Amino acid sequence: MPKSEDFNTKNFPTWCPGCGDFSIWSALKGAFVALGIEPHQCVVVYGIGCSGNMCSFVNTYGFEGLHGRGLPVACGIKMANHQLPVLMVGGDGDLLGEGMGHFIHACRANHHVATLIHNNQVYGLTTGQTAPTSEKGAKTKSTPSGVIEEQTNPITLALTAGATFVARGFSGDIPHLTDLIVKAVSHKGFAVLDVLQPCVTFNKVNTYAWFRERVYKLEESGYRQTTKPAAIERAFEPWSEKLPLGIFWQEEKPTYEDSLPQLKNGPLVERDLSHIDISKLSEEFR
Ligand SMILES: Cc1ncc(C[n+]2csc(CCOP(=O)(O)OP(=O)(O)O)c2C)c(N)n1
Ligand code: SF4
Ligand SMILES: [Mg+2]
């Protein structure tokens, strides 16, 4: 059985003391242990940012993509070896700013990839500019007079784009977050886990205390996953007042990989290529 320490690397995280990324790191390792996944048995693709720096601190196969471009890499890995658990870990800027298009298309394709969004409402690594998840009116380094645009809601976005597992966790509750990561990775299809993650250095508004006053657990509130409109209604509860945690929606649908005829006879990486003659092709490109 794997142990949490097996997922450590020789690098200790460089995040600011108190950063919510520490809890996500801890919950992720705990989830691998709970799932019985060994370090060599999965791939985690990371975005660029403080969140993406986790690539250096987690001992599994890992790939740090270009900013916003991690998801295509994760989906590509899944198509090459669809029996491998594949996760995507990125920031709110990475997945919902630069990578917004990829995010929506991954939801509608239902790629079998679990995606964790470090939602700290800022661009942390570049020292505190506005992110798509910043609240309207938020004063940040790049918006000294306040954000003009509407705040992106990752939950409603994922629900309406077609993700088949949509949930929210909180860095301030590691056991609950660990359980959600286990469920997201176990889900067969595109799983979105939005994680409320305080950036203690550049977001002085959405602090641990601020979140604690607003979070509540869907499973303790009588919520039932009846219809998608009901899930959307919960997800639309005002950010400044109530923040539901837990699973908003989960459904079974064929994944993108299930529907690819090329994968019917097993993972591409296991195919015997010895009988394929590529000399004509290489001649053409000489
Ligand atoms: C295409 C591109 N644009 C901008 C940058 C600069 N950049 C690096 S990290 C970052 C912000 C990261 O914010 P987020 O994804 O929210 O992650 P966090 O640091 O908050 O975890 C930016 C803008 C880049 N590396 N590549
Ligand atoms: S800048 Fe913010 S997100 Fe980045 S490590 Fe520091 S507290 Fe965490
Ligand atoms: Mg961020």
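Helices (H or I, at least four residues) and strands (E, at least two) are DSSP runs, numbered from the N terminus.

## Before you start

This is a predicted model, where local features need pLDDT of at least 70 and side-chain atom pairs count only at pLDDT 80 or more, while totals for chains, interfaces and linings use all residues. Residues are numbered from 1 along each chain as its sequence is written, chains are lettered from A and ligands numbered from 1 in the order in which they are written, and side-chain values use heavy atoms, with hydrogens and water left out.

## Around ligand 1

Let us begin with the ligand. Helix α3 gives four residues to the shell around ligand 1, the largest share. The shell holds 16 residues, and the closest are C50, S51, D92, D94 and G124; a residue counts as near if one of its heavy atoms lies within 4 Å. By class, five are nonpolar, eight polar and three charged. Here Ala, Val, Leu, Ile, Met, Phe, Trp, Tyr, Cys and Pro count as nonpolar, Asp, Glu, Lys and Arg as charged, and the others, Gly among them, as polar.

Which residues have an N or O atom beside an oxygen atom of ligand 1? One of them is D92, with a side-chain N or O atom at 2.6 Å. A backbone N or O atom of C50 lies 2.8 Å from a ligand oxygen, and a polar side-chain atom of N120 lies 3.0 Å from one. Taken alone, ligand 1 exposes 590 Å², and the protein buries 73% of that (areas by the Shrake-Rupley method with a 1.4 Å probe; for residues, only the protein chains shown count as cover).

## Salt bridges

The model has nine salt bridges, each a side-chain nitrogen of Lys or Arg within 4 Å of a carboxyl oxygen of Asp or Glu. D173 pairs with K217, their closest N and O atoms being 2.9 Å apart. This pair links distant parts of the chain, 44 residues apart: D173 is in the loop between β7 and α6, K217 in strand β9.

Is D173 buried or exposed? D173 counts as buried because its relative accessibility is 19%, and buried means under 20%, exposed over 50% and partly exposed in between (1.4 Å probe, protein chains only). K217, at 22%, is partly exposed.

A second bridge joins D179 and K183 at 2.8 Å, N to O. Both lie in helix α6, four residues apart, about one turn of the helix.

Methods:
Polar contact = N/O pair within 3.5 Å; in protein donor to acceptor, adjacent residues only side chain to side chain.
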